[in-house]
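Biologist: I'd like to learn how to read a model like this one. Could you walk me through it?

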Amino acid sequence: MKILIIGGGNMGLTYAQSFLRSRIVTPDNLMVLCRTYEKANHLGETHEGRFFSDARHCVSEADLIILAVKPQDSPRMFEQIRGLAEPSQVFISIMAGVRIEAIARELGVNKIIRAMPNLPAQIGAGVTAFTSTDPVTRIELVMVQNLLNTTGKTLYVEQEAMIDAATAISGSGPAYVYYFMNAMIQAARQMGFSDSEAELLVAQTFTGAVDLYNKADLSCEGWIGKVASKGGTTEAALKIFRDTALHEDIVAGAQAALERARELGA
Ligand SMILES: NC(=O)c1ccc[n+]([C@@H]2O[C@H](COP(=O)([O-])OP(=O)(O)OC[C@H]3O[C@@H](n4cnc5c(N)ncnc54)[C@H](OP(=O)(O)O)[C@@H]3O)[C@@H](O)[C@H]2O)c1
């Protein structure tokens, strides 16, 4: 199987490295199409795989093509590969907000998978929601899932609308977590910890809490109950969170992200 990744940026290179590390493709069968000759040349010297700057030299060779440019760069990218794409090729788009219908119309293809990965994919700890069109065969879908699994976990969704929902939860989600961490780091500094001490306390608290959550069959509320005792310190913090409707704010924030994802794809 020959794979072409269009866009040698953060996500494109994350995929390239994950596929190679997991030996799912050989460097000979992995191609990356860059915007400029200079970038292709530079990446060719520092990375494994074959790097191109001319779509005519790589698109028709690929069995599977990953679209990993920014959504605003998609019109020019479509223009470059239109006419070179073939109906037998499978397309995976990770572009936020670009609808399957738009890709089909722009490229005249129908085997399309739309996926929403997230940033921890860079260390193999991401989560990707994905959906596909009917012409993608079961074998092709399994192959794609194996590829996506090299960057973490995957969740297949039937409805394309759920890709927007995943964008609002897991796509944007790492930023929500960092926002909460940042506030806790600031609180720790105010209490007298140095920057590095504050970061250690907060980062390990997040890692430990999530690891524990993943290892046992207990809800978040159940775990909160194990930390907070009536009239204790945790309860004092939770009372402020409840009084200031922090929970509702987080739900509203995710909802705003969903609405923005829908607007971008409209
Ligand atoms: N980063 C995330 O956490 C994340 C999560 C989920 C989904 N996504 C999606 O992933 C996509 C890529 O994001 P990113 O963070 O990897 O962006 P990025 O680092 O900016 O990478 C995009 C790359 O595409 C290249 N490019 C632009 N137009 C091109 C063209 N016509 N032909 C070939 N290459 C072209 C750019 O080249 P130049 O550098 O030369 O301009 C750049 O290297 C976006 O659509 C985004 O919505 C990202």
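Modeller: Gladly! Let's begin with helix axes: they are lines fitted to C-alpha atoms, for helices over the stretch in contact, and angles run from 0 to 180 degrees between N-to-C directions. Helices (H or I, at least four residues) and strands (E, at least two) are DSSP runs, numbered from the N terminus. This is a predicted model, where local features need pLDDT of at least 70 and side-chain atom pairs count only at pLDDT 80 or more, while totals for chains, interfaces and linings use all residues. Residues are numbered from 1 along each chain as its sequence is written.

Biologist: At what angle do the axes of α7 and α8 cross?

Modeller: Helix α7 (residues 173-190) and helix α8 (residues 195-215) cross at roughly 135°, and their axes come within 9 Å.

Biologist: Which residues of α7 and α8 meet?

Modeller: Contact means that C-beta atoms, placed from the backbone, lie within 7 Å. From α7 come Met181, Met184, Ile185, Ala188 and Arg189, which meet Asp195, Ala198, Glu199, Leu201, Val202 and Phe206 of α8.

Biologist: Is helix α10 buried or in the open?

Modeller: A residue is buried if 20 or more other C-beta atoms lie within 10 Å of its own, exposed if 12 or fewer, and partly exposed in between, with C-beta atoms placed from the backbone. Helix α10 (residues 233-243) has 11 residues and the number buried is zero, so α10 lies largely in the open. Just after α10, Ala245 has a positive phi of about 55°. Across the protein, buried residues make up 30% of the 266 residues.

Biologist: Where does Arg82 lie, and what does it touch?

Modeller: Arg82 sits in the loop between α3 (74-81) and β5 (90-93). Arg82 is partly exposed, with 14 other C-beta atoms within 10 Å. Leaving out residues up to four places away in sequence, Arg82 touches Glu106 and Leu107. Arg82 and Leu107 are 25 residues apart in sequence, yet 5.2 Å apart in space, C-alpha to C-alpha.

Biologist: How is the protein divided into domains?

Modeller: Domain bounds come from an automatic or database domain assignment. Here they give domain 1 (3-158) and domain 2 (173-265). Their centres, taken over C-alpha atoms, are separated by 34 Å. The contact takes eight residues from domain 1 and five residues from domain 2.

Biologist: And how many helices and strands does the protein have?

Modeller: The secondary structure comes to 11 helices and eight strands.

How values were computed:
Contact = placed C-beta atoms within 7 Å.
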